[in-house]
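Reader: I'd like a close look at one part of this one, please. Could you walk me through the strand in the middle of the chain and whatever packs around it?

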Amino acid sequence: MSQLHMTRVAVGCADYPALQARITNYAQDGEIRFTTRFKPKRADELIGGKLHFIVKHTLVARVEILRFDDRSDGRIDIVCVAALERIHPQPKRAHQGWRYLADSDAPSGVDEGDGLADLPPELYRELAELSLI
């Protein structure tokens, strides 16, 4: 059985460094929490999967999902590992809340030695569309 992932818009983040700074600032004991209104129906399939972040209509990074915790206010915390992993940028339309992402549709991680991680997401997307990378 393949792993299930989810996508979420990184509201207020202009780029990958801004997202990385936010993760670092809000991390506690190696974990970070993202609040959502409803628990996903497929929550059990998401544990061990990744939460992918959309910045400027592009998937740019991900964190591993550890669990889902109920809050006293009726909301749900998506508890993740506070280690942000850069991925090969992939176009993705913005949406509200979160969406499921099949393992076959999830982008792969970036090999830090190839230099592609240093490209701005817009440039990476244009080069990918031209089949140059």
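Author: Here is a walk along strand β4, then the core and a few side-chain details.

First, the ground rules. This is a predicted model, in which local features need pLDDT of at least 70 and side-chain atom pairs count only at pLDDT 80 or more, while totals for chains, interfaces and linings use all residues. Residues are numbered from 1 along each chain as its sequence is written, and side-chain values use heavy atoms, with hydrogens and water left out.

β4 covers residues 58–70; helices (H or I, at least four residues) and strands (E, at least two) are DSSP runs, numbered from the N terminus. Pairing here takes at least two DSSP bridges between two strands. On that basis, β4 runs antiparallel to β3 over 6 bridges, to β5 over 5 bridges, and to β6 (residues 85–91) over 4 bridges.

Start at Thr-58. Val-55 stands opposite this residue of β4, and on the β6 side the bridge partner of Thr-58 is Pro-91. The hairpin of β3 and β4 has 2 residues between the strands, and Lys-56 in the turn has a positive phi of about 50 degrees.

Further along, Phe-68 has Ile-78 in β5 as its bridge partner. The β4 and β5 hairpin leaves 5 residues between the strands, and there Gly-74 takes a positive phi near 90 degrees.

Asp-70 also belongs to β4. Is Asp-70 buried or exposed? Exposed, with a relative accessible area of 63%; the cut-offs are under 20% for buried, over 50% for exposed and partly exposed in between (1.4 Å probe, protein chains only). Leaving aside neighbours within four places in sequence, Asp-70 is in contact (heavy atoms within 4.5 Å) with Arg-75 and Ile-76. Phe-38 is 32 residues from Asp-70 in sequence, and their C-alpha atoms are 9.7 Å apart.

Now for the inside. A nonpolar core is a set of buried Ala, Val, Leu, Ile, Met, Phe, Trp, Tyr and Cys residues joined through side-chain atoms within 4.5 Å. The largest one has 24 residues, with Leu-19, Phe-34, Leu-51 and Phe-53 making the most contacts inside it. At least two core residues come from each of β1, α1, β2, α2, β3, β4 and β5, and β4 supplies the largest share, 5 residues. In soluble globular proteins, nonpolar side chains tend to be buried together.

Last, the rings. Phe, Tyr and Trp rings (the six-membered one for Trp) pair if their centres lie within 6.5 Å, with planes under 30 degrees apart counted as stacked, over 60 as edge-to-face and the rest as tilted. That gives 2 aromatic pairs. Trp-98 and Tyr-100 are edge-to-face, because their ring centres are 5.3 Å apart and their planes lie at 65 degrees. Trp-98 is buried at 17%, whereas Tyr-100 is partly exposed at 29%. The charged end of Arg-42 sits over the Tyr-100 ring, 5.2 Å from its centre; the rule asks for NZ of Lys or CZ of Arg within 6 Å of the ring centre and within 35 degrees of the ring normal. Arg-86 lies over the face of Tyr-16, at 4.1 Å from the ring centre.
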